[in-house]
Amino acid sequence: MPAATAQEYAPRVPTVPPAMTHPQKLRALSGIMMGTFVAMLAATIVSSSMPRIVADLGGTQSEFTWVITATLLAQTIATPLWGKFADLFNRKRLVQIALTITVLAAAAAGFAQNATMLIAFRAGQGVGAGGLMALGTVLLTDIVSPRERGRYMGIMGAFMAVSQVGGPLLGGIITDSALGWRWNFFMATPFAIAAALVLQKTLHLPPRPNRVTRIDYLGALLISAGVSLALLWITFAGSQFAWASWQTAAMVGAAAVLLVAAVLVEKVVAEPIIPLHLFANRTFVLAVIASVAVGLALFGTAVFVAQYLQISRGKTPTQSGLLTIPMVVGTLLAAQILGRLITATGRYKAIMVGGGLALLGALIGMSTITEHTHLAIIGVYLFGLGVSIGALMQNLVLAVQNTLSVHEMGSGTSTVAFFRTLGGTIGVSALGAVLTARVAREISDGLAAAGLPADSVVAGVVPNVHTLPEEVRAVVEVAYADGISHIFGLAIPMATIALIATLLIKEIPLGRKSGIEEVLEQ
C-alpha cells in the first residue's frame, strides 16, 4: 500500500495543543471576566441606593425584600438551565446572550414607575446574571486545569471584588448627584458593549463533540414552579396569612408535589437539568449542603447591611457604599492570596474550613450590633464576611469540579451555584419576612412608649429617616438596628452547618488538565 494511502486510512489521533502560557490564558479569559464584572456591577450598583429607590417609589418593606428576592429567584431558576445549555451548545454564544439579557433588563429597570415594575425588571436581570455567573465558571474549566484554577479564580474574584466596592460606591454617588438613582441602571451598558467586543475577539474554543440536544423542558418547568411556590410561601407566611393555615397547607403541598414530580422526570429523561447521579458523589453532596447554608447565611443577611447603615445610622447612599469597603477588601485579599496558595500547594480543604470559621465569627459579631456600635467594629465584622466569601464561594465549586467528568461540568457546576443561590433566595425571603414583622412591631411599641401617634410612620413603608421628626427618627433607628442584628443571629446556625459540611469534605488531589485538553484527548 502506498505511504500516502496508509496515512489516509491511519486512525486519527487528536492533537493536544501545547500548554497555554499565563498571558495567553489571561487574554482568553479577559472577555469572560468582563462579562462576570458586568453581571456583578449591574447587581451591586443599586445595593447602596435601594433604600432610597424603594422609598421614592413608595414601596413597602416587603417590596424592598422582593426587589432582592425576585432577582435571586430568577437567577436560581435560570442557573441550572444555563449550565445544561453549556453542556449542549456553543458556550461563547450563550455568554453573549446572557450578557444581552442582563443589560437590557437592567436598563428597563431604570424606567420603573413603581416597585412592582422594578421587581419585574430585576427578575429579568436575574435570568441573565444567572447565565453569566454560571457560564463564566464553566468556561474557566475549559482553559485552566483544576490545579491552576485557584489562581485564576482569585483573579476572577478580584473582578468581583472591584464590582462589589465600585458598584455600591458609584451607585451612591450617582444617587446623591443631580443625575438621580435611575442612572444606576444604565451604567452597565458601556461595560457590556466592551465585554461583548473583547469576548468576540479573545475567546476561541475548539468545536465540541455533537451531543443529544433534547432539552428537558418539563423538568425545568416543574423545578421552576416548585421552587417559586416554596419561596412565595416563605415570603407571605406570617404576614399575609398564618404559618398554620390552609394557605400554608396548599402552597407547601403543591410545592412538594411539583418537586417530587421533577425528581421523577429527572430520573428518566436523556438530558436532565439536574443529573441525579451527581448526588452519589460525596464531595458534590457536601458542597451542595455547604452552598445552601452559605447562601442563606451570607446573602440572606448582607443585603440588609445598607438598610442598617442608612436607616439606623443615617448615612447617605454614598457613605453606605464606602462603609462596605472592608467586606470587599476581605473578599479581594482572600480570593487573591488563598487562590495562589491553592495553586502552589494543591490543598484547598483547610482554606474552606477557615472560611467557615470566618463566616461564623462575623455573623456572631453582627448579631450584637446596635444603633450605637462603633463603625470601626462593624468594619471588622464586614471584613470577616468578605474573607468568608473569598475562601468559600469559588473553592466549593473548585472542589466539585475536580471530581466531575468534562461532559457534565456545566450541569454539575451550575447545580452547585443553583443551590447556593437558592439558599440566598430563601435567606432573603425568610429573613426579610422576619425583619418586616419585627420592625413593624418595634416601631409600634416604640411610638406607644414615647407617647407618639401611631401614624407617625406609615405602616410597612421603608422610611426616609432624614424627613422624620427627631423623636420619631430615634424610634425607627432603634427598630431597624434591633431587627437587623436579630436576623444576623438567626443565620448563625446556617454558618455552623456550612462549617461542618466543609470539615466532612474529603480532599482529592487537584487535576492538571484543562477541559479543552480532556476533550481533545477523547
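**Chat about a predicted all-chain model**

Colleague: Which helix does Val329 lie in?
Modeller: Val329 lies in helix 14. Bear in mind that this is a predicted model.

Colleague: OK, and is Val329 buried, partly exposed or exposed?
Modeller: Partly exposed, because its relative accessible area is 33%, and that falls between the 20% cut-off for buried and the 50% one for exposed.

Colleague: Switching topic, where does Thr415 sit?
Modeller: In helix 17, which covers residues 409-449. Thr415 is buried, because its relative accessible area is 0%, under the 20% cut-off.

Colleague: What is Thr415 in contact with, leaving aside neighbours within four places in sequence?
Modeller: Ile274 and Phe284.

Colleague: Zooming out, how many helices and strands does the protein have?
Modeller: 20 helices and 0 strands. Of the 522 residues, 55% are buried. The accessible surface comes to about 20800 Å², with 69% of it belonging to carbon and sulfur atoms.

Colleague: And what share of the contacts with a separation of 6 or more is between residues 24 or more positions apart?
Modeller: That share is 85%.

Colleague: What about confidence, what's the mean pLDDT?
Modeller: The mean is 79, and 86% of the residues reach 70 or more. Over residues 1-17, though, the pLDDT is below 50, and that stretch has 7 contacts beyond near neighbours in sequence.

Key:
Residues numbered from 1 in each chain as written. Predicted model: local features only at pLDDT ≥ 70, side-chain atom pairs only at ≥ 80, totals over all residues. Heavy atoms only, no water. pLDDT = per-residue confidence, 0-100. Contact = heavy atoms within 4.5 Å. Helix = DSSP H or I, 4+ residues; strand = E, 2+ residues; numbered from the N terminus. Buried < 20%, exposed > 50% of the residue type's maximum accessible area, 1.4 Å probe, protein only. Areas by Shrake-Rupley, 256 points an atom, 1.4 Å probe, with all protein chains shown as cover.
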